[in-house]
Amino acid sequence: MAGSGVFEEIFDGEVFKYYVDGEWRKSSSGKSVAIVNPTTRKTQYRVQACTQEEVNKAIDLAKVAQKSWARTPLWKRAELLHRAAAILKEHKAPIAECLVKEIAKPAKDAVTEVVRSGDLVSYTAEEGVRILGEGKFLVSDSFPGNERSKYCLTSKIPLGVILAIPPFNYPVNLAVSKIGPALIAGNALVLKPPTQGAVAALHMVHCFHLAGFPKGLISCITGKGSEIGDFLTMHPGINCISFTGGDTGVAISKKAGMVPLQMELGGKDACIVLEDADLDLVASNIVKGGFSYSGQRCTAVKVVLVMESVADALVEKVNAKVAKLSVGAPEEDSDITPVVSESSANFIEGLVVDAKEKGATFCQEYKREGNLIWPLLLDNVRPDMRIAWEEPFGPVLPVIRISSVDEGIHHCNASNFGLQGCVFTKDINKAMMISDAMETGTVQINSAPARGPDHFPFQGIKDSGIGSQGITNSINMMTKIKSTVINLPSPTYTMG
Ligand code: G3P
């Protein structure tokens, strides 16, 4: 049960506490924020509604703790991360239970998220030891007009205090993908979890607490965005923001000021299907890529662009697979579970209604009960429909029939997003040329879009984000280069 066993100290019996200065505390606000279970639509948990003063305190403590953490040997930082990873994996069951209750993640996927997170933290420790253990040595006489009189030594140093804001769909995994790189690089970390997913995140933070990280180095602040959101993101004590989520990221980018930003803000990931594609492979990938976690992934297949000549055959194969998807509660490990909130379900429904009014072909009957929306493939979608461009973040997938590959590439590139895309063909030359033409951070050939494995670079262009993630890139992003130049007396020493 959430908040029991080793997690007892994070819960006061009614409200989950927040984490600061190496302790679990109640907010002085005396207020809490409700977390609604997407399946029952009833309050499942409560978390503290922290105040701006509590944010100030967390950042002040982080500043102090970071100074000595930056001087802690790299191997020791790695050792603590490995310990946290092991504790996280050991306690995967209660953390996964929170994911099931807070964000309706299917039971098996919830466990997978926690295990993947432990693996990510371990890999980060290993990678950090390697890349942060290296620097550069430059000699001045490479540059015209210079003698061999200056030696430049560069190394990577931490940025200071990193603010990590993960999204509801991976509140544990996309939190540790920020926490791990921040800590191994010698930074302190303030985590602001999403409201849905906050309790899973608090459990995860407790695993870092149990691992024995220094007091003040990590804090986890819960509360209302309206009260502490802008305050956190515009706080002068924050030296870097790593955010994953939606439009809020655009607003944060505009307000953040002169700090490095790492932003992943969604996508409209296109799946281009050529005439020679293996349609069984395509259908499996469309169903897995489009409907896993009910389409609530930035990397979900969000529009199928299929050559007209194979469209009927592909739609038939996808429909056969959609018919086999189980729909129901996350506890039963159903394939399709309720979407995260009523407002999200209403938004998805708005896209469906628009598509219906404009003449899309419904391959299944549209069905909704509360936040639960049955999987729906919409065929013959045209560019004048909202669903051709907008991201439903739900189990509704549009199919646009195209008469040329150029038409597919054009649709993909006309999107404001540019996260990932995929192309299915047996012709590798064509696949490479299409990949080159697609304006997205990643193109998958003969597979659905996906972020992992987590050491791969992960980046979006246009409205899909700023910077590149993936373990190595995140470590580099959360450091800056420091040079020390040794100036030798001139003239240069000569033998004999
Ligand atoms: O939506 C978050 C995005 O990072 C997806 O990750 O692992 O489902 O491809 P993944």
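The domain bounds come from an automatic or database domain assignment.

The model is predicted: local features need pLDDT of at least 70 and side-chain atom pairs count only at pLDDT 80 or more, whereas totals for chains, interfaces and linings use all residues. Residues are numbered from 1 along each chain as its sequence is written, and side-chain values use heavy atoms, with hydrogens and water left out.

The largest pocket has a volume of about 1100 Å³. Its lining consists of 38 residues, and Phe243, Gly245, Gly246, Asp247 and Thr248 are the closest to its centre. Two or more lining residues come from each of α7 (225–233), β10, α8 and α11 (342–357). The largest share, six residues, is that of α7. Sorted by class, the lining of the largest pocket has 18 nonpolar, 15 polar and five charged residues. Several terms need their cut-offs here. Pockets and cavities are found on a 1 Å grid over the protein atoms alone: a cavity is a set of points where a 1.4 Å probe fits but cannot get out, a pocket is an open set with protein on both sides within 12 Å along at least five of seven lines, and lining residues have an atom within 4 Å of a point. Grid points are joined across faces, edges and corners, and a volume is the space filled by probe spheres set on the points. Helices (H or I, at least four residues) and strands (E, at least two) are DSSP runs, numbered from the N terminus. Ala, Val, Leu, Ile, Met, Phe, Trp, Tyr, Cys and Pro count as nonpolar, Asp, Glu, Lys and Arg as charged, and the others, Gly among them, as polar.

Strand β7 (residues 161–165) runs parallel to β10 and is joined to it by four bridges; two strands pair if DSSP finds at least two bridges between them. Leu163 has Ile241 of β10 as its bridge partner. Strand β11 (residues 261–264) also pairs with β10 in the parallel sense, over four bridges, and here Ser242 stands opposite Gln262. Together with helix α8 (residues 248–255), β10 and β11 make a right-handed β-α-β unit: with the strands pointing away from the viewer, the path from the first strand over the helix to the second runs clockwise.

The second largest pocket holds about 590 Å³ of space. Domain 1 and domain 2 both give residues to its lining, so this pocket too lies between them. Of its 26 lining residues, Arg116, Tyr170, Lys288, Ser292 and Arg297 lie nearest the centre. At least two lining residues each come from α4 (107–132) and α9 (279–291), and α4 gives the most, with four. The lining of the second largest pocket divides into nine nonpolar, eight polar and nine charged residues. Helix α4 also contains Val121, which counts as buried because its relative accessibility is 1%.

Strand β18 (residues 396–402) is mostly covered, and seven of its seven residues are buried. Val396, Pro398, Ile400 and Ile402 point one way from β18, while Leu397, Val399 and Arg401 point the other way. Four bridges join β18 to strand β13 (residues 303–307), and the two run parallel; Leu305 stands opposite Ile400. Strand β17 (residues 376–379) pairs with β18 in the parallel sense over three bridges, with Leu376 the bridge partner of Val396.

A search of the whole structure finds four cavities of 30 Å³ or more, and the largest cavity holds about 100 Å³. Among the residues that line the largest cavity are Leu120, Leu174, Arg451, Phe456 and Ser474. Helices α5 (173–184) and α14 (471–477) each supply at least two residues of this lining, and α5 gives the most, with three.

Definitions and conventions: Buried means under 20% relative accessible area, exposed over 50%, partly exposed in between (1.4 Å probe, protein chains only).
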